[in-house]
Amino acid sequence: MNGAVETHICLQTPPHTITHNILIYNLLYAIFTQDSPILIRFERGASVGQNVGKLTAQTIKGLGDGTHQDGSGLFLKIRGKSKTWTYRYQLEGRRRDMVLGKYPDMSLKEARMARNDAYRAKENGVDPIDARSSHREIATVSEMVSEAFNAIRGDLKRGGKAGRWMSPMNTHIIPKLGDKDVTSITGADIHATLAPIWRTKTSAAEKALQRLGIVLRHAAAKYPGQIDMSATVNARTLLGSQAHRVEHIPAMPWADVPAFYARLGTTGAGLALRMLILTAARSTPVRLATVDQFDADVWTVPGENMKSGDPFRIPLSSEAQRIVTHAAPLARGGYLFVGHRGKPLSDMSMTQVMKRAGLPYRPHGFRSSFRDWCADHGEDWNLAEVALDHRVGGKVQRSYQRSDLLDRRRPLMERWGAWVAGEQSPHQHRNRQPTDQRTADDL
């Protein structure tokens, strides 16, 4: 009806007293004495306006951290400088919190109006969050994961091309939450998603939760006041302790390394594993090593292949140089160690060599073998850490100590190489210079 004044009247069933009915009749009389046409809508149950008005603009200024109720499901959550309006409601027996906006960007009056709109949607059997999404463009969790990843990929190793950042998201988050409106995500949603793996796949679950937090922070910047920034914190609380002990990568005892080394073959994977042991490097620099990275007795690994992201020089022992000489004629496409069809070795190629030998150890464990050998032979602690490309000292100390100690690391790696190749017994003096009695053809 054009020009009509719409009035909501809530009837409680059954009426509690005669006074209740008198009030209704008096209200109707007052309405019909108005000059404008009246459109009256009768509703049963508690009105959305019931018990409203606990907050005022003045009282809000004095509120501290916590969740403060205005009434009829409208709350103001305060965390430090962040003040967020939320509407709490139940639908099909499930409680939900709908983020309405940020205060003071959304005033108290505007928050109440938004709450009323959400209430009417709920009374009509529509989830207010779904109703809001249908009236505006909003990103899904899957879309926001992609946006957040593209925003931070410049800070990731090799620009995130390895896929490790996205792996827990693609495996555990996107299948369950990917199609959901990112503004609707709650701690309960995240808890339900990660609970099945929280104590069984602890590392993957932890990474998924941490990275989802990054995604939600990105979403909050795009949709101010519409993201529940406490969702991951609440999910962690609900998930509880993972109650697990860290399991280190199995490492071969240093005393057993020479015997294993002697049995290695001269295939691409065998030569690569020899180089990994001799240099105490990680698998990625070895697998992706190219011929042009080697200059005489120095291997310069580009930053994109290093975990730290910085270029790293490795002094090559006599034994390591022999491996380079032996592998160079087999290089394909510039790669020193190649697998099938001339492609770089896969991530599992060296691991498979050890599995086929029936060993419980892993390639990465040889870094621990090297470190234990250094400790047991009285090698300089600082040199051993630098050889592993570990950060030594505090931030300030590192800002002044910029040398990679290449020349000092040469004798250390030579002694390790001699031990691995079986040219030095554990009782020989660590400063003994090994003799070269083998050729590459003996490998």
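Visitor: Which strands does helix 3 lie across?

Guide: Before I reply, please note that this is a predicted model, in which local features need pLDDT of at least 70, side-chain atom pairs count only at pLDDT 80 or more, and totals for chains, interfaces and linings use all residues. Residues are numbered from 1 along each chain as its sequence is written, and side-chain values use heavy atoms, with hydrogens and water left out. Helices (H or I, at least four residues) and strands (E, at least two) are DSSP runs, numbered from the N terminus. Contact means heavy atoms within 4.5 Å. Helix 3, residues 108-123, lies across strand 3, strand 4, strand 5 and strand 6, and runs at about 20° to strand 5. For such angles, axes are lines fitted to C-alpha atoms (for helices over the stretch in contact), and values run from 0 to 180 degrees between N-to-C directions.

Visitor: In what order do the four strands of the open sheet stand?

Guide: Two strands pair if DSSP finds at least two bridges between them. Here the order is 3-4-5-6, with antiparallel pairing. Strand 3 (66-71) and strand 6 (94-102) are the edge strands, each pairing on one side only. On average, neighbouring strands of this sheet are turned by 30° against each other, direction ignored.

Visitor: How many bridges join strand 4 to strand 5?

Guide: Six bridges join strand 4 (residues 74-79) to strand 5 (residues 82-91). The C-alpha atom of Tyr 87 is separated by 9.7 Å from that of Gly 71, 16 residues apart along the chain.

Visitor: Is Gly 71 buried or exposed?

Guide: Buried means under 20% relative accessible area, exposed over 50%, and partly exposed in between (1.4 Å probe, protein chains only). Gly 71, found in strand 3, has a relative accessible area of 0% and is therefore buried. Ser 72, in the loop between strand 3 and strand 4, counts as partly exposed because its relative accessibility is 24%. Ser 72 also has a positive phi of about 50° although it is not a glycine.

Visitor: Where does Pro 104 lie?

Guide: Pro 104 lies in the loop between strand 6 and helix 3. The peptide bond from Tyr 103 to Pro 104 is cis, with omega near 10°.

Visitor: What volume does the largest pocket have?

Guide: On a 1 Å grid over the protein atoms alone, a cavity is a set of points where a 1.4 Å probe fits but cannot get out, while a pocket is an open set with protein on both sides within 12 Å along at least five of seven lines; lining residues have an atom within 4 Å of a point. Grid points are joined across faces, edges and corners, and a volume is the space filled by probe spheres set on the points. The largest pocket has a volume of about 1,300 Å³. Of its 32 lining residues, the closest to the centre are Arg 164, Arg 282, Thr 284, Lys 307 and His 364. Helix 15 gives the most to this lining, with four residues.

Visitor: How many cavities of 30 Å³ or more does a search of the whole structure find?

Guide: The search finds one. The largest cavity has a volume of about 70 Å³, and its lining includes Thr 279, Arg 282 and Asp 389.
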